[in-house]
Amino acid sequence: VSASGSLRGKLIGVMLLTALVAVLVAISAMLAYDLHAYHRGWVDDVSTQAEMLGRHSAPALAFDDARVARENLAVLRFQPKIRAAAIYSARGAVFATYVADGEPADAAIPPMPSLEAAVVEDGSLLVFRPIVENRDVVGTVYLRADYELYDRLLGYAGIALVATLVALLVAWVMTSWLRRIVLRPILDVGDAARDVIAREDYSRRVDQRRDDELGALVAAFNEMMGEIERRTETLAATNREKEREVDERRRAQDEVMRLNLALEQRVRDRTAALEQSNRELALATGEAERANQAKSDFLSSMSHELRTPLNAIIGFGQVLGADEGGLPADRRKAFLGHIVAAGQHLLTLINDILNLAQIEAGKVVLSPEPVGMAELLDECRILTDPLTAARGIRLLFPLSLDVVAHADRTRLKQVLLNLLSNAVKYNREQGSVAVECVYVASERLRVTVRDTGLGMRPDQLQSLFQPFNRLGQEHGKQQGTGIGLVVTKHLVELMGGTLGVSSTVGAGTEFCVDLPALPPVAAQAGSPPAAGEVPSVSGGPAATVLCVDDNPASLELVRALLAARPGVHLLSAENGQVGVEMARAHHPDVILMDNNMPVLSGALAQARLRDDPSTAHIPVIAVSANAMPDAVKQGLAAGFFRYLTKPLDPKALAEALDSALQQKRAGDP
Ligand SMILES: Nc1ncnc2c1ncn2[C@@H]1O[C@H](COP(=O)(O)OP(=O)(O)OP(=O)(O)O)[C@@H](O)[C@H]1O
Ligand SMILES: [Mg+2]
């Protein structure tokens with residue numbers, strides 16, 4: 001405001017000053033000119049008057065007639081501005097005078113004419129004019145006239161004052177007009193600018209009322225505002241865009257953080273899982289190492305176990321081989337008995353190991369059936385009895401029993417024999433073994449085998465079911481491989497039962513087998529079938545048997561086993577190739593086929609026989625040293641009639657032969 005006020009003030013000041021100076025200068029010039037003109041004109045007028053008076057008065061002077069002179073002067077009364085007059089003689093003496101009305105009578109008349117032509121004195125013009133007659137100065141005329149220069153000056157001052165006032169007024173009016181047209185737009189622009197700053201409203205514009213320079217200024221201001229508005233908008237848009245970007249970036253960052261957290265969680269989970277599996281791995285490794293250790297222990301103990309019976313077999317065999325008839329018959333028989341016993345022991349060992357391998361591989365197929373416990377326990381007692389006699393151990397079995405288990409007969413017998421053999425083996429001299437069998441629920445029985453033996457410590461009980469672990473008995477008197485109880489436990493569980501144990505060191509041990517059973521009533525009705533007639537090698541119809549085996553001893557054994565069977569005609573071949581040719585040539589009733597042979601294996605030979613229509617109907621019985629369950633299964637699948645394993649069981653051989661012959665006869669026309 002002060003700036004605009006000051007601008008306004010300055011504008012007014014300049015305008016007024018200019019007007020004032022112009023008026024004053026004009027008036028002064030006019031005044032000077034007018035006063036000068038007045039002075040000259042008035043002096044000329046009065047001088048001319050004096051000249052004329054002088055001419056008229058010259059004769060009066062010449063004739064010294066003062067009256068005429070006075071009359072001449074009296075004419076001046078028609079000239080009111082001439083206030084006094086006089087005529088002087090040539091010598092300068094006053095000749096005649098005149099004084100205008102209203103002037104004092106004694107109005108001063110200069111006594112002597114002055115040499116000056118015209119003089120202004122005390123507001124009066126004094127003019128002296130010599131009177132010239134024939135080039136001689138005959139006198140002088142004196143006129144005193146009013147000199148009105150100062151009155152004029154006063155009059156002019158009034159005019160100047162009025163003019164000045166008028167000029168100032170005009171200047172004032174002009175100023176406010178100017179203010180309106182010049183200042184208004186500028187102030188508008190200023191107001192708009194202040195407004196814009198205060199309210200940040202860049203859409204504000206100033207009215208453009210004219211097309212002059214100020215209009216251009218306003219237009220420029222408006223354009224500038226437009227530009228600012230555009231830029232501001234662009235800036236705002238850019239800012240918004242930036243904010244959006246920042247927002248997006250923040251969101252992306254949040255997302256990254258979230259993913260990071262999830263990732264960390266997953267890493268933690270994975271790490272935990274890894275640690276867990278590491279722990280499991282460590283456990284498994286430990287177990288594997290223990291199993292490995294157990295296996296090595298087992299192998300070394302196995303080799304010991306195997307060597308012991310082999311020693312007997314080979315030793316006695318050599319003694320008998322070296323004998324040239326010197327040995328008495330009963331000694332020879334005793335030696336042979338040793339050889340057979342050792343061989344049987346060897347067979348048991350091998351069967352045990354196969355058994356365990358089969359069980360551990362989950363390949364045991366059970367056939368549950370009702371099993372009368374009275375008969376089963378009887379059989380077990382008969383088999384256990386021989387072990388007890390030497391050490392005076394008493395066996396206490398239940399006297400009468402009406403319990404029928406639902407189990408695989410063979411496996412259950414194996415379980416009970418294992419427990420009984422342990423109870424005897426690890427008993428003391430003159431100890432006892434008590435067996436009980438009771439129902440614990442309507443379909444559940446419990447067999448308890450209790451001994452009065454050494455018992456086991458708790459830490460021993462913990463390792464009781466580890467394969468090959470004999471709990472320190474490996475150096476004891478009792479033979480064993482440390483797998484009896486492992487097999488037992490597996491079998492019991494496979495049959496749906498449980499095996500429990502409790503033991504006191506020095507007092508004895510008690511094993512309980514809980515098993516599924518038939519309810520007590522059903523048990524009486526469903527008594528088990530009696531053991532079937534054991535097939536004999538002897539008897540049976542006449543037949544031709546071809547035995548294919550590269551091992552002469554095996555061939556000899558078959559020959560010996562079949563010797564008791566009348567009517568059997570035995571042919572033999574030393575490999576598969578020869579076997580096939582002989583079969584084609586002789587058409588035997590049954591073929592016994594070894595597998596592992598030179599030239600052509602038993603399996604391939606069997607395949608050729610099967611594919612040849614002339615031999616396809618002949619039953620081929622495999623007699624193989626490979627007793628692995630897979631091999632047995634494969635052999636049967638390939639079409640072998642039976643799969644017998646070495647060492648050859650005479651009863652199994654007889655049964656297989658009988659069945660084969662029966663089938664052959666049924667098939668033959
Ligand atoms: N009734 C028992 N009294 C005391 N110790 C026993 C008894 N039964 C088993 N043991 C201990 O448990 C160990 C393992 O028994 P297990 O029947 O598995 O093997 P083993 O009898 O040594 O050999 P085998 O495999 O020939 O049976 C035995 O070596 C023995 O130390
Ligand atoms: Mg045992």
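**Entry 1: helix 5 and helix 9**

I noted at the start that this is a predicted model. Two packed helices are described by the angle between their axes and the distance between the axes. I looked up both for helix 5, residues 329-360, and helix 9, residues 484-494. Their axes come within 10 Å and cross at roughly 40 degrees. Roughly parallel would need an angle under 35 degrees. Helix 5 and helix 9 are therefore oblique to each other. I also checked the hand, and helix 5 passes helix 9 in a left-handed crossing.

Which residues make the contact? From helix 5 I listed Asn355, Leu356, Ile359 and Glu360. From helix 9 I listed Val486, Val487, His490 and Leu491. I sorted this contact by class and got five nonpolar, two polar and one charged residues.

**Entry 2: helix 12 and helix 13**

I turned next to helix 12, residues 576-586, and helix 13, residues 602-611. Their axes lie 9 Å apart, and the helices pack at an angle of about 25 degrees. Angles under 35 degrees count as roughly parallel. Helix 12 and helix 13 are therefore roughly parallel to each other. Is their crossing left-handed or right-handed? I found it to be right-handed.

I then wrote down the residues that meet. Helix 12 brings Gly576, Gln577, Val580 and Ala583. Helix 13 brings Ala605, Arg608 and Leu609. By class, I have four nonpolar, two polar and one charged residues in this contact.

**Entry 3: the cavity**

Rolling a probe the size of a water molecule over the atoms shows where empty space is left. How many cavities of 30 Å³ or more does a search of the whole structure find? The search finds one. For the largest cavity, I noted a volume of about 50 Å³.

I looked up the lining of the largest cavity next. It is formed by Pro185, Asp188, Asp207, Gln208, Arg209, Arg210, Leu214, Gly215 and Val218. Two elements give two or more residues to this lining: helix 3 (149-199) and helix 4 (213-322). Which helix gives the largest share? Helix 4 does, with three residues. I sorted the lining by class as well. It divides into three nonpolar, two polar and four charged residues.

Definitions and conventions: Residues are numbered from 1 along each chain as its sequence is written. Chains are lettered from A and ligands numbered from 1 in the order in which they are written. This is a predicted model: local features need pLDDT of at least 70, side-chain atom pairs count only at pLDDT 80 or more; totals for chains, interfaces and linings use all residues. Side-chain values use heavy atoms; hydrogens and water are left out. Axes are lines fitted to C-alpha atoms, for helices over the stretch in contact, and angles run from 0 to 180 degrees between N-to-C directions. Helices (H or I, at least four residues) and strands (E, at least two) are DSSP runs, numbered from the N terminus. Angles under 35 degrees count as roughly parallel, over 145 as roughly antiparallel, 65 to 115 as roughly perpendicular and the rest as oblique. A crossing is left-handed if the near helix is turned anticlockwise from the far one by less than a right angle, and right-handed if clockwise. Contact means heavy atoms within 4.5 Å. Ala, Val, Leu, Ile, Met, Phe, Trp, Tyr, Cys and Pro count as nonpolar, Asp, Glu, Lys and Arg as charged, and the others, Gly among them, as polar. On a 1 Å grid over the protein atoms alone, a cavity is a set of points where a 1.4 Å probe fits but cannot get out, and a pocket is an open set with protein on both sides within 12 Å along at least five of seven lines; lining residues have an atom within 4 Å of a point. Grid points are joined across faces, edges and corners, and a volume is the space filled by probe spheres set on the points.
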